[in-house]
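Colleague: Hi, I'm new to this one. Could you put it on screen and walk me through a few spots?

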Amino acid sequence: MTAEAPDELAELLLRWEELFEQGHDVPAAELAAGRPHLVAELTRRIEVLKSSTWLDADTDDPPIAGTDQSQALTAMCRVLLGRYRIDEPVGRGGYADVYRAYDAELQRYVAIKLPRDGRVVSPDAFLAEARRVARLKHPGLVPVHDVARDGDACFIVSEFVEGGTLADRIAGPRPPIDRAVQWILDIADALEYAHLHGIIHRDIKPANILIDHHGRALLSDFGIAESATRSGTLAPTAGTLRYMSPEQFTGGGDHRSDIYSLGVVLHEALTGRPPYDADDPQALRREISQGATVRLAPEHHHLAAVCSRALRRRPDERYASAAHFAADLRRAVGTGRPRWSRRSAWAFAACCAALSATAFLTARSLGSGRMEVNGLTGPASLSADMPASWRRTGVLAEVRGTGKIAFPRLPTSAYALEFDLEIREPRGRITIYTGEPGSGVDIPLGHLWEQDREQPIIACRLFRAQPFGVNWIGETHFKPHTRMNLTLVVADDQKALIRNGVVVLRSAGDAADCRLSLLATEDADATIHRIVCRGLTAADARVADLPIPPRVLVCDPMATAQRLTAHTVARPGMPVPGEPHAVGSPPLPLQWIEPGEFTMGSATAEFVQTGKGREQVQISRGYWIGCHEVTQGLWMEVTGTNPSRITGSPFLPVNHVSWSEARDFCGRLTERERAANRCPADYVYRLPTEAEWEYACRAGTEDEWPVPLAELAAPGGKHRRLVEIGSTPANDWGLHEMQGNVPEWCLDEWRPYAGGQTGAALDRCHEGDPARAMFVVRGNGVWETEIGPTSIARTRRHDIAGGFRGLRVVLGPAVESR
Amino acid sequence: MTFSSDTGLQGLIDGARSGDATARDLLLDHACDRLHRLTRKMLRNYPSLRRWEATDDVLQNALVRLHRALAEVDVATVRHFFNLAALQIRRELLDLVKHHLGPEGAGCHHHTDHQPPDDDGGSLRHHFAEPENLGMWTEFHEAVARLAAEHREVIDLLFYDGISQHEAADVLGVSIRTLKRRWQQAKLVLHEALRDRRGT
């Protein structure tokens, strides 16, 4: 091959490339008309050049490779049906690419699966098949919203699931066994449902199993590959070798092939690797044909047995159905009973020892001071990374005997605590704290005292933290010497005490802070026969009559979008002091606040939580503050996730975030805006200082209620429901929902007001250490009605996600530059 | 990748030649950016390694080495700068695979199964597909290194340095048509070299 001589072939190739770039793929024979001796070589070279486009394309990171990259880049500029704006590729299947797209009509992100050119022979048949699959409705399947066609392109629109795939989870730190098993059970249930509807997946693999941010596993790409291939609409695909059953090599297989693949996934989820040794394809094929080797630790022999049966070489030796597989897997978990991890056992023992001096539940059944831990089923330990999820039905901890326990921080604010309690004498006190002692919510239970000398009874009371102390909101009575079975159901801000299947006490309005402890006073005489702390089930929710979080509110995002657009300035470039600015898309308006001086707090307020105290503050430099709370839409735009427990619209405020998460969000927003040249050099996006917040909320008035309480009533119930941004009237400076809706984090750690100061504090700000400090929360959300959503009310919270806390951003001078 | 129109490659080169530190830094940043992007390209089929790439400081060290190596170069000879940048980038990519991921590393021969494996050559023989695993990427980088200078240089400029064809033509002082012809020839030669090495 000559390098540069302008020979005929080189000239023809150049000509071909020019035409190809213009969209004409001219055959070699046509190009070399009259020169037949060149056609074969020209064809070969064209083929090489066509398949080398990956060398030309930019190398950014969409997981799209090879000759289809240009197609992916083209797709990213498209808007399908005038509605779905394709944003970025997020995955790649056997015959199609998956993109994240924005649905402009419903204002939400969706996933769009777009077959690659040439992979769908008959679009009509493809769509018919896709619609058949779309009719499958199961919690374990990614919901399909739409199946449509735009010109030559047919595509499938489904829910965009945040949180990554099982493949990502396996690649990272190994998931706990119980969680991995729960994911596989989720998928097995979904598979059973689909098999019953005659649809086979044929490509079960970790990359097709999505884990949402509630920890649920969902199966994606359902059935398309198999049924479409069978009906001749798709070019054959190779599937995924590593997860294929032996019979799939010969083009065979039925629903039991899916069970085989799920067996491989189970093995990989439990051990981090598939049940094969081979790495190269040929050896792998050989090994699959010869049979998989299950390698699980001896203590997991029950699970190994399930795995082995799913991985039998002959389909008729495997489980007959996914339901059989799931049933056996559940039994294996039940009988396997993973032991309590050493770490937790030590924590528990340490806890018992520390508390033994004050633990005075008399031991009757098991002897004084002894406590028996029967081990755990379900989660192996109370580890802090366990997701908050109502779907978790395993036992978190089980204790028999007597004594006192303080659980490590619970990773969820939705759980059930069951206990069998025998109280012999009506004295002493057993208390269950479900929040920060002294700052959160606590529920003293079993406040024991003698009410009637003739017939002593035991009263059990449900308490709630109030600004003026602890308020008792209900009471139920028991006879002494009664062995009681009680269940305390905690679901975020709601609690219910259930006795014998009946709700005897109920509380709402305080948010649990993922803390749980059980204490007994000195002279209690009782035996705890059994304590189980577990995740909530649908049955709990039914009995307790609680809504199941994450609660999805019925909203009208379209109307909200129109309402907001009418009042929002177009997003400008660099913000100009004195003028409004906006951030994000759809834009979240920011209001300019001029510097000034004011008095924080109130001399007449009665309690710290209602704003008791005074402090003169001077705001030395102007700043922009969000006219609204940060929305879930903006949060997702910046972080790609939505941690909110209450959802339903991108215009709802983000909720259930910790102080650190809120601060990180601001940091990422600053980076993004700075890169886009929309952030002044010495300004940053950050949380407002407490002073900035109150100054903006008061809007130049002395009023505790800049927006009167009566006007804060939200649609759907007064103060009891989150609302989309801009639903209640603005204060005089155009700021909405500063009072009420979500409680808003401030930058400051909690400090009392500096009474008696001389002169105004300059830009009062106390940034604290997240590990130690408690932080100021302002605005008092819809649930903290006793305090009242005033401009001066202030509460303090540790740096944890809970209580539906959210934030409002400030674009202001960096704190250190003040 | 092309340089943004407001700076412009020629402007950067002229600036660097006349001792403008900002222009020089932008050229250096560009080289580092290319190393970053090419690493991501190599690792895109390996979620676990992408995680490694995102968290580990190995890539960071490679970037530091690249930056140091290029900071010493006289940018006045732009062609020399880009040649050296490409050489360093290629070395760092090979080093990442060989020393940090290991020849038998986690993803080195991992088969991704997106496409039917090319077990038997067959119709895929005439294809010039993107390397699927780190072993194939190693072969690719080594094959480029062995090419004749005239072929290697154009691959260096367009693939490793990531500049546009017009910019490359400018650097080499040839017409765009000549550049395109050389680029086609380089790809064909590289394909043959790789095919011979794999014995198909």
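Modeller: Happy to! Let's start where R686(A) stands opposite V810(A) in β34(A). Strands here are DSSP runs (E, at least two residues) and helices are DSSP runs too (H or I, at least four), numbered from the N terminus. This is a predicted model, where local features need pLDDT of at least 70 and side-chain atom pairs count only at pLDDT 80 or more, while totals for chains, interfaces and linings use all residues. Residues are numbered from 1 along each chain as its sequence is written, and chains are lettered from A and ligands numbered from 1 in the order in which they are written.

Colleague: How many bridges join β29(A) to β34(A)?

Modeller: There are 4, and β29 (residues 683–686) runs antiparallel to β34(A). Two strands count as paired if DSSP finds at least two bridges between them.

Colleague: What order do the strands take in the open sheet with β26(A)?

Modeller: The order is β25-β26-β31 in chain A, with mixed pairing. β25 (596–602) and β31 (761–762) each have a single partner strand, so one side of each is left without a neighbour in the sheet.

Colleague: How do β25(A) and β26(A) pair?

Modeller: In the antiparallel sense, over 7 bridges. Within that pairing, G601(A) stands opposite R614(A) of β26(A).

Colleague: What lies across those two strands?

Modeller: Helix α19 (residues 690–698) of chain A does, running at about 95° to β25(A). Axes are lines fitted to C-alpha atoms, for helices over the stretch in contact, and angles run from 0 to 180 degrees between N-to-C directions. Contact means C-beta atoms, placed from the backbone, within 7 Å.

Colleague: New topic: which residues of α17(A) are buried?

Modeller: Q632(A), G633(A), L634(A), W635(A) and V638(A). Buried means 20 or more other C-beta atoms within 10 Å of a residue's own (12 or fewer is exposed, in between is partly exposed). Their cover includes β24, β28 and α18 of chain A.

Colleague: What comes just after α17(A)?

Modeller: G640(A), with a positive phi of about 80°.

Colleague: Over to chain B: at what angle do α7(B) and α8(B) cross?

Modeller: Roughly 140°, with their axes coming within 10 Å. The contact is made by V154(B), L157(B) and L158(B) of α7(B) with Q165(B), A168(B) and V171(B) of α8(B).
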